[in-house]
Amino acid sequence: MAKVYLTGAGPGDMELLTVKALRVIEEADVIIYDRLANPDILEKAKSGCEFVYVGKEDGRHIMPQDDINETIYQSALKHETVVRLKGGDPFVFGRGGEEAAYLQERGIKYEIIPGITSAISVPAYAGIPVTHRGVAVSFRVVTAHESPNKKESQIPWENYKTDDTIVFLMGLHNLAKISKKLIEIGKPSDCPCAVIAKGTTKDQIVVVGTLADIVAKAVDVPTPALIVVGQVVALREQLQWFEA
Ligand code: SAH
């Protein structure tokens with residue numbers, strides 16, 4: 001009986017792959033993968049393993065989600081061990097839930113292998129703890145990707161007023177809108193803010209500023225990138241360890 005492993009690949013640093021993820025990657029007959037922060041992971045597959053790229057890049061889908069679901073399903077009809085490999089964690093803006101539901105409805109066995117999400121690990125590699133005693137008792141992870149065709153924002157900005165730390169995924173091209181909105185809802189314009197690109201890899205780029213100046217500072221930052229807003233960003237000054 002075939003089994004599909006909906007597997008988190010971690011944020012980039014190859015060693016942030018879980019032991020369990022590595023095991024199923026080594027056993028896989030087929031690996032269906034996105035644009036991964038670290039494609040070297042695929043080299044761990046056995047010889048003869050088939051690779052299927054269904055990548056998406058900040059919403060620009062190479063393959064629509066329905067087709068991805070069907071591709072996974074069809075692979076499970078043909079192969080014993082199917083690995084669906086996704087960046088970070090499969091259930092954090094990874095649409096892993098939809099893929100699991102599709103398989104469930106068709107009687108295909110699956111397992112979820114959680115991964116280290118970029119939302120926490122990328123700030124950590126920049127020396128930014130998402131919570132910190134006396135500084136932040138909560139953090140929120142949100143997607144800031146919205147279809148450019150959408151007239152009214154679906155993002156409940158008002159709810160973010162009292163959050164200590166906010167991590168925005170898929171938000172780089174909306175950075176100007178994000179910083180403007182946060183100032184509008186009452187966040188101080190000197191609130192510390194960081195943009196971190198290619199986090200946990202040797203190409204990691206960290207830009208630190210405030211809500212007022214981050215847009216100007218972060219021009220030309222490549223993707224994948226996330227945005228951290230909150231006083232915890234200031235801790236980087238002391239806790240920067242990765243670049244050192
Ligand atoms: N499931 C993934 C998130 C998918 S959404 C996870 O748990 O990490 C993709 C977004 O994640 C990107 O747009 C970016 O905001 C963020 N991201 C993923 N890897 C990253 C990295 N190495 N550095 C910075 N941001 C990253």
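Arg95 sits in the loop between β6 and α3 (96-105), and in this predicted model Arg95 has a positive phi of about 60 degrees although it is not a glycine. Most residues other than glycine have a negative phi. Arg95 counts as partly exposed because its relative accessibility is 33%, a value that lies between the 20% and 50% cut-offs. A second residue with a positive phi is Lys198, whose phi is near 50 degrees and which is likewise not a glycine; Lys198 belongs to the loop between β10 (192-197) and β11 and, at 30% relative accessibility, counts as partly exposed.

The peptide bond that joins Thr223 and Pro224 is cis, with omega of about -5 degrees, whereas most peptide bonds are trans.

**Domains and ligand shell**

The protein chain is divided into domain 1 (3-113) and domain 2 (118-239), and the centres of domain 1 and domain 2, taken over C-alpha atoms, are separated by 28 Å. To the contact between them, domain 1 gives ten residues and domain 2 gives 16 residues.

| Residue and atom | Ligand atom | Distance |
|---|---|---|
| Val92, polar backbone atom | nitrogen | 2.7 Å |
| Ser118, polar side-chain atom | oxygen | 2.7 Å |
| Ala225, polar backbone atom | oxygen | 2.6 Å |

Taken alone, the ligand exposes 550 Å², and the protein buries 90% of that area.

**Buried residues**

Lys86 lies in strand β6 (residues 81-86), and with a relative accessible area of 1% Lys86 is buried, because that value falls under the 20% cut-off. Leaving aside its neighbours within four places in sequence, Lys86 is in contact with Thr7, Gly8, Ala9, Gly10, Asp34, Leu36, Gly94, Arg95, Gly96 and Glu99, a list that includes the residue Arg95 with the positive phi.

Thr165, which lies in strand β9 (residues 165-169), counts as buried at 0% relative accessibility. When residues up to four places away in sequence are not counted, Thr165 touches Val130, Ala136, Ser138, Phe139, Arg140, Val228, Val229 and Val232.

Leu211 has its place in the loop between β11 (205-210) and α6 (214-217), yet Leu211 is buried, with a relative accessible area of 3%. Apart from its neighbours within four places in sequence, Leu211 is in contact with Ser179, Leu182, Ile183, Lys187, Pro188, Ser189, Cys191, Cys193 and Val229; Val229 is also among the residues that Thr165 touches. Between Leu211 and Arg95 there are 116 residues in sequence and 30 Å in space, C-alpha to C-alpha.

Conventions: Residues are numbered from 1 along each chain as its sequence is written. This is a predicted model: local features need pLDDT of at least 70, side-chain atom pairs count only at pLDDT 80 or more; totals for chains, interfaces and linings use all residues. Side-chain values use heavy atoms; hydrogens and water are left out. A polar contact is a pair of N or O atoms within 3.5 Å; within protein, one must be able to donate a hydrogen and the other to accept it, and residues adjacent in sequence count only if both atoms are side-chain atoms. Accessible areas come from the Shrake-Rupley method with a 1.4 Å probe; for residues, only the protein chains shown count as cover. Helices (H or I, at least four residues) and strands (E, at least two) are DSSP runs, numbered from the N terminus. Buried means under 20% relative accessible area, exposed over 50%, partly exposed in between (1.4 Å probe, protein chains only). Contact means heavy atoms within 4.5 Å. Domain bounds come from an automatic or database domain assignment.
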